[in-house]
Amino acid sequence: VTQAIDSSKNHNGIDIVSQQGDIIKAANGGVVVFSGFSGNLGNTLIISHPYNYFTVYGHCDTIFVKERQRINKGDRIALLGASGETTAPHLHFEVWMDGEVIDPRKIISKYGDLDVSKEW
């Protein structure tokens with residue numbers, strides 16, 4: 001699964017390929033503000049973090065957390081899947097701050113190594 005990061009196609013994050021059913025953990029602590037199905041991202045989670053950061057986790061198989069639930073960094077929040085518009089299991093991951101998308105690879109170095117998306 002390789003997709004270009006292109007805002008005209010609403011691809012504002014990175015894609016991390018792994019095995020169907022692998023555990024997805026929270027990048028940081030916060031509060032779940034969305035937990036459900038969201039169009040082409042399928043089963044999706046959005047977590048609000050301190051300092052007006054938000055993380056988005058798309059294409060999940062199973063979601064373990066509910067809206068308004070407080071979570072900690074590293075908590076198991078979902079299982080990796082292929083829900084929504086995709087051809088293979090992967091995690092679509094986005095980071096937002098103050099309403100602007102941020103390249104996750106710039107703030108979480110591990111994601112740069114795992115990303116299969118094309119360059120920004």
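In which strand does His59 lie? His59 lies in strand S5. The views below, all from a predicted model, start at this residue and then move to the neighbouring topics.

**View 1. His59, a strand residue with positive phi.** His59 belongs to strand S5. Its phi is near 70°, a positive value in a residue other than glycine. Most residues other than glycine have a negative phi. Is His59 buried or exposed? His59 counts as buried because its relative accessibility is 3%, and the cut-off for buried is under 20%.

View 2. S4 and S5 are antiparallel and share six bridges. Ser48 has Phe54 of S5 as its bridge partner. Ile47 is bridged to Thr55, also in S5. Three residues sit between the two strands, and Tyr51 of this hairpin takes a positive phi near 65°. Asn52 is in the loop between S4 and S5. Asn52 also has a positive phi, about 65°, although it is not a glycine. With a relative accessible area of 37%, Asn52 is partly exposed.

View 3. Strand S3 covers residues 30-37 and pairs with S4 in the antiparallel sense. Six bridges join them. Gly36 has Thr44 in S4 as its bridge partner. How many residues lie between the strands of this hairpin? There are five, and Gly39 takes a positive phi near 50°.

**View 4. S5 beside S7 and S8.** S5 pairs with S8 over six bridges, in the antiparallel sense. In this pairing Tyr57 stands opposite Phe93 of S8. S5 is also joined to S7, by three bridges, and these strands run antiparallel. Here Cys60 faces Leu80 of S7.

**View 5. The aromatic pair.** The structure holds one aromatic pair. The ring centres of Tyr57 and Phe93 are 5.2 Å apart and the planes meet at 65°, so the pair is edge-to-face. The pair links distant parts of the chain: Tyr57 is in strand S5, Phe93 is in strand S8, and 36 residues separate them. Both Tyr57 and Phe93 are buried.

**View 6. The largest nonpolar core.** This core has 18 residues. Those with the most contacts inside it are Ile24, Leu45, Ile47, Tyr57, Ile71, Ile77 and Leu91. Which elements give two or more residues to this core? They are strands S1 (14-17), S4 (43-49), S5 (53-63), S7 (76-80) and S8 (90-97). In soluble globular proteins, nonpolar side chains tend to be buried together.

**View 7. The surroundings of Ile24.** Ile24 is among the core residues with the most contacts. Leaving aside residues up to four places away in sequence, Ile24 touches Tyr57, Cys60, Asp75, Arg76, Ile77, Ala78, Leu79, Leu80 and Leu91.

**View 8. His92 and Asp15.** His92 lies in strand S8. Its relative accessible area is 1%, so His92 is buried. Which side chain makes a polar contact with the side chain of His92? The partner is Asp15, at 3.2 Å.

How values were computed: Residues are numbered from 1 along each chain as its sequence is written. This is a predicted model: local features need pLDDT of at least 70, side-chain atom pairs count only at pLDDT 80 or more; totals for chains, interfaces and linings use all residues. Side-chain values use heavy atoms; hydrogens and water are left out. A nonpolar core is a set of buried Ala, Val, Leu, Ile, Met, Phe, Trp, Tyr and Cys residues joined through side-chain atoms within 4.5 Å. Buried means under 20% relative accessible area, exposed over 50%, partly exposed in between (1.4 Å probe, protein chains only). Helices (H or I, at least four residues) and strands (E, at least two) are DSSP runs, numbered from the N terminus. Contact means heavy atoms within 4.5 Å. Two strands pair if DSSP finds at least two bridges between them. A polar contact is a pair of N or O atoms within 3.5 Å; within protein, one must be able to donate a hydrogen and the other to accept it, and residues adjacent in sequence count only if both atoms are side-chain atoms. Rings of Phe, Tyr and Trp (its six-membered ring) pair if their centres lie within 6.5 Å; planes under 30 degrees apart count as stacked, over 60 as edge-to-face and the rest as tilted.
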